[in-house]
Amino acid sequence: MFSQSENQELIEMFSQLRVADVRDGLDAILLHHYCSLPSTIRPLFRTKAVGIAKTVRYIPYRGEIPKLSPEEYSKWCGYYYQKICPYPWMSEIQKGDFIVIDQSEVDAGLMGSNNSLEGYAKGAVGYLTNGGPRDTDELIIQKIPFWSKFVSQKTVMGRLQFDAMNVPVNIEGVLIKPGDIIVADGDGVVVVPRERAAEVYEFAKKELDADKASRRKLYDMLGWEYDDTVK
């Protein structure tokens, strides 16, 4: 386990940066072909989130769907959530966690407007999945930062089962380990290996500072007031 004080320090550092700056920082240490999620992973809406990866993995359901009446099915759903597809990681969420969910690309809404909000209330800063959430209109209204491969109408019953948490996961070919730093904005998502964080930050911050200085001159030329992106 990583200390909360160290986690918060890393979040504060990388919250200053854009995804593009972090990408440049990774390039500076020659990780050109690593750590960037592909364009198949997109935000539900324009937003930004920076946090520490808390990883979970779900796999396709391997059992049978029993023949049940609607009333029996309702009871089975309760059993399914408790025994087959539970969310044990939800009780472990700490402030600053970025929830990274490998759901094996199954078309099912593992996360929706209710449980995403519950995690957010407990301190999660955002969600990343190679699957897709549902209730997305509500997620957008609630302003829950969410990056996913698609959106889904479907529930998890008969489709997903819990496999593991706090393990390395593969999201679209990118390895994400518990404790890595996740930076996400309108440009997508980038992952900073925790052990390389200081090196990446040093170069990325220089890139951002140079960009702000250059754009401030252009703002002056145009007679524009400074906004938060150049201050």
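What follows is a short chat about a few elements of this predicted model.

Guide: Some housekeeping on this predicted model: local features need pLDDT of at least 70, side-chain atom pairs count only at pLDDT 80 or more, and totals for chains, interfaces and linings use all residues. Residues are numbered from 1 along each chain as its sequence is written, and side-chain values use heavy atoms, with hydrogens and water left out.

Visitor: Why are H2 and H6 called oblique to each other?

Guide: The axes of H2 (residues 19-28) and H6 (residues 197-222) cross at roughly 130 degrees and come within 7 Å. Angles run from 0 to 180 degrees between N-to-C directions, on lines fitted to C-alpha atoms over the stretch in contact. Under 35 degrees counts as roughly parallel, over 145 as roughly antiparallel, 65 to 115 as roughly perpendicular, and the rest as oblique. So H2 and H6 are oblique. Helices here are DSSP runs of H or I with at least four residues, strands are E runs of at least two, and both are numbered from the N terminus.

Visitor: Which residues make the contact of H2 with H6?

Guide: On H2, Asp21, Val22, Asp24, Gly25, Leu26 and Ala28 meet Val200, Phe203, Ala204, Glu207 and Leu208 of H6, contact being heavy atoms within 4.5 Å.

Visitor: What makes alanine 49 buried?

Guide: Alanine 49 has a relative accessible area of 5%. Buried means under 20%, exposed over 50%, and partly exposed in between, using a 1.4 Å probe and protein chains only. Alanine 49 is therefore buried. Its contacts, not counting residues up to four places away in sequence, include Phe98, Pro145, Trp147 and Ile182.

Visitor: How do you know that S2 is largely enclosed by the rest of the structure?

Guide: S2 (residues 49-60) is the strand that holds alanine 49. Of its 12 residues, 10 are buried, so S2 is largely enclosed.

Visitor: What joins S2 to S9, and what joins S2 to S3?

Guide: S2 and S9 (residues 181-185) run antiparallel, joined by 4 bridges, while 6 bridges join S2 to S3 (residues 97-102), and those run parallel. Two strands pair if DSSP finds at least two bridges between them. Glycine 51 has isoleucine 182 of S9 as its bridge partner, and threonine 55 has valine 100 of S3.

Visitor: Why does phenylalanine 150 count as partly exposed?

Guide: Phenylalanine 150 sits in the loop between S5 (146-148) and S6 (160-165). Its relative accessibility is 23%, so phenylalanine 150 counts as partly exposed. Leaving aside neighbours within four places in sequence, its contacts include Glu105, Asn130 and Pro133.
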